[in-house]
Amino acid sequence: MRIRFTKMQGAGNDFVVLDETRRRLQLTPAQYRFLADRHFGVGADQILSVRPSPGPGIDFEYVIHNADGGEVEQCGNGARCFVRYVRDKGLAARDTLRVQTLSGVIEPRLNPDGRVTVDMGPPVFELAAIPFDAEGLQPQAAGDWQKWPLVLGEGAAGSPVAVAVLSMGNPHAVQEVADVEAAPVAGQGPLIETHARFPRRVNAGFMEYVDRGRIRLRVWERGAGETLACGTGACAAVVAGIRLGRLDPRVDVETRGGRLTIEWAGGDASVFMTGPAATVFEGEIEVPE
């Protein structure tokens, strides 16, 4: 099967975007993995599918598959690329859209400066909804919130890592670190991602505070490994830092792929993310049956 694609990136988080507004491609998990493969396919952290509106008041459906072929609930950097794609392709005329994702409706907006702002909805703190199994754990109070001790590895010795747990449409475990470049992302990331207390796995964030309006961040993404940027991870980190009493309501997040700006007024207010979105190239590829 030969398909057309667009390669895009948002702060270095890269995507293969597929137009399924006219017909479903009906790709299998193995075919998504092929597209994401950086040696034999196009290469991407996620595959984004643009599909028609599923109902009244919604402009499009936005479907995300990770590099491992699994479908996931949300991708913030991808959402920015999504709105840039549908505007550039003439699939939409408005700069603000309502888009259905697996975790709910989001509203990305193309700004005059070319950056894209996405209303990511409010963060979720209810442990069962994240989901996170806290049975038998004693949380550590911090700010107006808490961090949870997480023992990594079966029978692991020493002190557990302390993580702030929340969902931004997908689950996140955020860890405060003194130096993000020295953080054990490759070592701890897979152990946190697959930890038994997260039944749907989790994205592992490593956050360094620069000041109350700026952080540095690395994220080990569920099903993708470490990426150059993670939009929902940036949102989760800033929300965690605000609730832990360390950050102001507007924060610049420095990732290895670029800068994102996150705003959250607290409580049940939506989290707003602003950042770049760009097309890299377009092409066709033969996908194995």
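The model described here is a predicted one. With a relative accessible area of 2%, Ala 11 is buried, because burial is taken as under 20% relative accessible area.

A positive phi, near 55°, is also found at Gln 26, again a residue other than glycine, and this residue belongs to the loop between strand 2 and helix 1. Is Gln 26 buried or exposed? Its relative accessibility is 62%, and Gln 26 therefore counts as exposed, the cut-off for that class being over 50%.

## The loop between strands 8 and 9

The loop that links strand 8 (116-119) to strand 9 (140-142) contains Pro 131, and the peptide bond joining Ile 130 to Pro 131 is cis, with omega at about -10°.

Glu 126 is found in the loop between strand 8 and strand 9 as well, and it is exposed, with a relative accessible area of 55%. Although Glu 126 and Leu 166 are separated by 40 residues in sequence, their C-alpha atoms lie 7.7 Å apart in space.

Helix 1 comprises residues 29-36, and its buried residues are Gln 31, Tyr 32, Phe 34, Leu 35 and Ala 36. The elements that cover these buried residues include strand 1 (2-10), strand 2 (13-19), strand 3 (46-52), strand 4 (60-66) and strand 19 (278-286).

Eleven of the 13 residues are buried, so helix 2 is largely enclosed by the rest of the structure. The buried residues run from Gly 76, Asn 77, Gly 78, Ala 79, Arg 80 and Cys 81 on to Phe 82, Val 83, Arg 84, Tyr 85 and Val 86. Just after helix 2, Gly 90 adopts a positive phi of about 75°.

## Nonpolar cores

The largest nonpolar core is made up of 56 residues, and those with the most contacts inside it are Tyr 62, Val 86, Val 174, Met 207, Ile 215, Val 253 and Ile 262. Helix 4 (residues 231-243) supplies the largest share of this core, namely eight residues. One of the residues with the most contacts inside the core, Val 86, is also among the buried residues of helix 2.

Which residues does Val 253 touch, once its neighbours within four places in sequence are left aside? Val 253 is in contact with Ile 215, Leu 217, Ala 234, Val 238, Gly 258, Arg 259, Leu 260 and Ile 262. Another core, which lies apart from the largest one, has 20 residues, including Phe 132, Val 161, Val 163 and Ala 204.

The model has one cavity of 30 Å³ or more, and the space within the largest cavity comes to about 60 Å³. Its lining is formed by Gln 46, Ile 64, Asn 66, Val 72, Gln 74, Cys 75, Asn 170, Asn 203, Glu 221 and Arg 222. By residue type, this lining divides into five polar, three nonpolar and two charged residues.

Note on methods
Residues numbered from 1 in each chain as written. Predicted model: local features only at pLDDT ≥ 70, side-chain atom pairs only at ≥ 80, totals over all residues. Heavy atoms only, no water. 1 Å grid on protein atoms, 1.4 Å probe; cavity = no way out; pocket = protein on both sides within 12 Å on 5 of 7 lines; lining within 4 Å. Points joined across faces, edges and corners; volume = space filled by probe spheres on them. Nonpolar A, V, L, I, M, F, W, Y, C, P; charged D, E, K, R; others polar. Buried < 20%, exposed > 50% of the residue type's maximum accessible area, 1.4 Å probe, protein only. Helix = DSSP H or I, 4+ residues; strand = E, 2+ residues; numbered from the N terminus. Core = buried A, V, L, I, M, F, W, Y, C linked by side-chain atoms within 4.5 Å. Contact = heavy atoms within 4.5 Å.
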